[in-house]
Amino acid sequence: MDKNVTYFSDSYVKDYECDLNNRMKLSSLMRVLQKAGTDQLNSLGITYAKMYSAGIVFVLSKIGIKINQMPVNGEKYLIRTTPQKTQKASFLRYTAVFNENGEMLAECQTSWVIINPRERKILRPGEFKFKLPVDETSQKCGQILETRIKPVETAKPVGYKQVRYSDLDINEHMNNCVYGDIVMDYIPEEFAAHREVDNVIIQYKNEAVLGEKLDIKVDRIAENSFYVGGDKGEVKCFDAVITFKQCKE
């Protein structure tokens, strides 16, 4: 196996990454997971600028995160991230977060596609022009990423999200991590503020760009689980399911 297939980085939780309970916010966790993958690509010389010049960029199509214990303010952590072999049009990546004692805090699997950034057209994996080492064993994050989210017809409108300048990333659309905030902002406060997230799955269907408005719908689909979806008129933007841990007695 290529020695560069797994990339390691370490850091600590900053106060501005935390919520009112002094735990890392879901969107903050998503950002450090995304950064680990980007840092590995940069270390391999596969920079965004080089990919863009070649008419290729990565966009996230699905993310599944299992959280054993959300990191807290000031806590040091180690991230290990590994590209996996492609499945159909998707580039898979497995990432895990550990505390100083080697205990796994969270694990994540992401599914990416490559697109032409000018034409916004999805490309085949064979059109990727760079050498990216992969782990052929394809370790799975449990079965979490294999779950397919279907729109919930009983979901009720709860508000909307206007795409603002600060939501945008270098691909000129709302960054995938912002969706973590949307999910947490529109579920009941009793869960968002007083319960710990166990797992979350987000499927990205269509990008949202500056000025667009996403109509947000929510439904409680199980005792500890909620569906959250966002539409741009008749166009589905994203579907998400978030599940919380059982209340501690």
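Which side chain meets that of Lys-245 in a salt bridge? The legends below take up this pair and others.

This is a predicted model, in which local features need pLDDT of at least 70, side-chain atom pairs count only at pLDDT 80 or more, and totals for chains, interfaces and linings use all residues. Residues are numbered from 1 along each chain as its sequence is written, and side-chain values use heavy atoms, with hydrogens and water left out.

**View A. Lys-245 and Asp-198 form a salt bridge.** The side chain that meets Lys-245 is that of Asp-198, at 3.1 Å from N to O. A salt bridge is a side-chain nitrogen of Lys or Arg within 4 Å of a carboxyl oxygen of Asp or Glu. Lys-245 lies in the segment after strand E11 (235–244) and Asp-198 in strand E8 (residues 197–204), so the pair ties together parts that are 47 residues apart in sequence. Strands (E) are DSSP runs of at least two residues, numbered from the N terminus. Asp-198 is buried, at 17% relative accessibility. Buried means under 20% relative accessible area, exposed over 50%, and partly exposed in between (1.4 Å probe, protein chains only).

**View B. Asp-167 pairs with Lys-161 in a salt bridge.** Their closest N and O atoms are 3.1 Å apart. Asp-167 is buried at 7% relative accessibility, and Lys-161 is buried too, at 19%.

**View C. Glu-119 and Lys-121 are joined by a salt bridge.** The N to O distance is 4.0 Å. Glu-119 is exposed, at 53% relative accessibility, whereas Lys-121 is partly exposed, at 47%. The structure holds 10 salt bridges.

Conventions:
Helix = DSSP H or I, 4+ residues; strand = E, 2+ residues; numbered from the N terminus.
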